[in-house]
Amino acid sequence: MKQQTKRKQILILTAAVAVILAAGIAVYERTGGRGSGETRSQEGDQESVGVNSAYGQDDPDIPVKTEYTEEEKEVLESQTGVNVQDDGTVAIDLGQISAEEASMPVSREAACELVETSVGEKTEVTSISLRKHDGKNYWAAYALKGGEAYQVWIDAETGSEFLKQKES
């Protein structure tokens with residue numbers, strides 16, 4: 001029972017990181033890589049973007065997170081194309097992420113459709129990202145329907161539903 005609770009906590013933490021990553025990518029794509037006060041460094045094909053700046057948060061009272069526990073760092077770096085730098089910034093290689101997503105038999109769009117079918121009509125997929133769990137690739141999606149939130153994981157190889165739960 002304790003191990004199952006720990007597993008659920010890790011899944012929830014992983015899903016939260018995926019949501020943050022997806023939101024960051026969406027903001028980045030919408031602004032064309034430009035944000036209010038955005039900090040950026042580039043090494044090869046990898047970019048580091050100041051997360052608070054990407055959201056336009058230039059308020060000095062909102063601290064930028066630059067220190068991570070080993071568990072947080074491990075969860076972040078378990079994602080394709082994500083690396084926590086020595087200075088605490090998070091580098092995201094969008095090219096590596098896009099290449100991995102494109103290599104999946106079940107596309108992002110197909111996974112969204114499967115989530116919408118699973119949850120029901122008038123479902124809005126608010127975020128979806130590719131995640132690894134027990135050596136398999138899954139599309140981890142958050143969806144809203146009628147004021148309720150759902151987490152749905154779709155097997156990126158077969159399209160079968162791995163997890164579906166209503167958030168409380």
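Visitor: Taking buried to mean under 20% relative accessible area, exposed over 50% and partly exposed in between (1.4 Å probe, protein chains only), which residues of helix α4 are buried?

Guide: In α4 (residues 94–102), the buried residues are Ile97, Glu100 and Glu101. They lie on the same side of α4, because the arc they cover around the axis is only 100°; that arc is taken from the directions from the helix axis to the C-beta atoms. Please note that this is a predicted model, in which local features need pLDDT of at least 70 and side-chain atom pairs count only at pLDDT 80 or more, while totals for chains, interfaces and linings use all residues. Residues are numbered from 1 along each chain as its sequence is written, and side-chain values use heavy atoms, with hydrogens and water left out.

Visitor: What caps the N-terminal end of α4?

Guide: Aspartate 93 does, with a side-chain oxygen 3.1 Å from the backbone nitrogen of glycine 95. A polar contact here is a pair of N or O atoms within 3.5 Å; within protein, one must be able to donate a hydrogen and the other to accept it, and residues adjacent in sequence count only if both atoms are side-chain atoms.

Visitor: Stepping back, how many helices and strands are there?

Guide: The chain has five helices and eight strands, in the order α-β-β-α-α-β-β-α-α-β-β-β-β from the N terminus. These are DSSP runs numbered from the N terminus: helices are H or I with at least four residues, strands E with at least two. Of the 168 residues, 37% count as buried.

Visitor: And the largest nonpolar core: which members touch the most others?

Guide: Val115, Val125, Ile128, Trp139 and Val152 do, out of 16 residues in that core. At least two core residues come from each of α5 (108–119), β5 (124–133), β6 (136–145) and β7 (148–155). The largest share, four residues, is from α5. Such a core is a set of buried Ala, Val, Leu, Ile, Met, Phe, Trp, Tyr and Cys residues joined through side-chain atoms within 4.5 Å.

Visitor: What does valine 115 touch?

Guide: Leaving aside residues up to four places away in sequence, valine 115 touches Val125, Ala141, Ala143, Val152 and Ile154. Contact means heavy atoms within 4.5 Å.

Visitor: Is aspartate 155 buried or exposed?

Guide: Aspartate 155, in strand β7, counts as buried at 4% relative accessibility. Its side chain reaches the backbone nitrogen of glutamate 157 at 2.7 Å, and a polar atom of that side chain lies 3.2 Å from the backbone nitrogen of threonine 158. Among the residues that aspartate 155 touches are Val106, Lys136 and Tyr138.

Visitor: Which rings form a cluster?

Guide: Ring pairs link Tyr138, Trp153 and Phe162. Rings of Phe, Tyr and Trp (its six-membered ring) pair if their centres lie within 6.5 Å; planes under 30 degrees apart count as stacked, over 60 as edge-to-face and the rest as tilted. The structure holds three aromatic pairs. For tryptophan 153 and phenylalanine 162, the centres are 6.1 Å apart and the planes at 40°, so this pair is tilted. Tryptophan 153 is buried, at 1% relative accessible area, whereas phenylalanine 162 is partly exposed, at 40%.

Visitor: Where is lysine 122, with its positive phi?

Guide: Lysine 122 has a phi near 65° and sits in the loop between α5 and β5. Lysine 122 is exposed, with a relative accessible area of 78%. Aspartate 134 also has a positive phi, of about 50°, and lies in the loop between β5 and β6. Aspartate 134 is exposed, at 63%.
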